[in-house]
Amino acid sequence: MRPGGPPVSPRTVYRHVAHTIRHTPEGGITYEAFCVTADCGAESGPHSKQEAAQDWALRHTGRTGHDLFRRVFTDHAKVTRGEQRPTATAPVPRP
């Protein structure tokens, strides 16, 4: 019992709820290209169109002869909580 308060119950209840994660269109996708040739470090910067990052890499190769790139595609995702399963303490809804 806590001083000046109600007794504390040592019981803990955990509920496992499924979640899903999916791409969310309102966040868009960002495309980037990075030159990985030793001592270069050039990068396209973020673009909303894949072709823009690819065109940058092609131009960079034409100017420098560097031909190895790391491409990064970043999207935004939303986590959605699934339906909760009825528990022993919660009645099952009936139609």
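## Briefing: cysteines, helix and strands

Cys35 is buried, with a relative accessibility of 6%. The model it belongs to is predicted. The protein has 1 helix and 4 strands, arranged along the sequence as β-β-α-β-β. A search of the whole structure turns up 0 disulfides.

**Cysteines**

- A disulfide is a covalent bond between the sulfur atoms of two cysteines.
- The cysteine sulfur closest to that of Cys35 belongs to Cys40, at 3.6 Å.
- That is too far for a bond, because a disulfide needs the two sulfur atoms within 2.5 Å.
- Seen from Cys40, the closest cysteine sulfur is that of Cys35.
- How accessible is Cys40, in relative terms? Its value is 27%, so Cys40 counts as partly exposed.
- Cys35 has a value of 6%, under the 20% limit for a buried residue.

**Helix H1**

- H1 covers residues 50-64, 15 residues in total.
- From first C-alpha to last, H1 reaches 21 Å. That is close to the 21 Å expected at 1.5 Å a residue.
- Which residues of H1 are buried? They are Ala53, Trp56, Ala57 and His60.
- These four lie on the same side of H1, because they cover an arc of only 95° around the axis.
- Leu58 and Gly62 are exposed, on the other side of H1.
- Strands S2 (29-35) and S3 (69-75) are among the elements that cover the buried residues of H1.
- Gly65 follows H1 and has a positive phi, near 85°.

**Strands S2 and S3**

- S2 and S3 run antiparallel, joined by 7 bridges.
- Where does Glu32 find its bridge partner? The partner is Val72, in S3.
- S2 is mostly covered, with 5 of its 7 residues buried.
- S2 spans residues 29-35, and Cys35 is buried.

**Whole protein**

- The protein has 95 residues, and 16% of them are buried.
- Take the contacts with a separation of 6 or more: 57% of them come from residues 24 or more positions apart.

Technical notes. Residues are numbered from 1 along each chain as its sequence is written. This is a predicted model: local features need pLDDT of at least 70, side-chain atom pairs count only at pLDDT 80 or more; totals for chains, interfaces and linings use all residues. Side-chain values use heavy atoms; hydrogens and water are left out. Buried means under 20% relative accessible area, exposed over 50%, partly exposed in between (1.4 Å probe, protein chains only). Helices (H or I, at least four residues) and strands (E, at least two) are DSSP runs, numbered from the N terminus. The expected span of a helix is 1.5 Å times one less than its number of residues. The arc is that of the directions from the helix axis to the C-beta atoms. Contact means heavy atoms within 4.5 Å. Two strands pair if DSSP finds at least two bridges between them.
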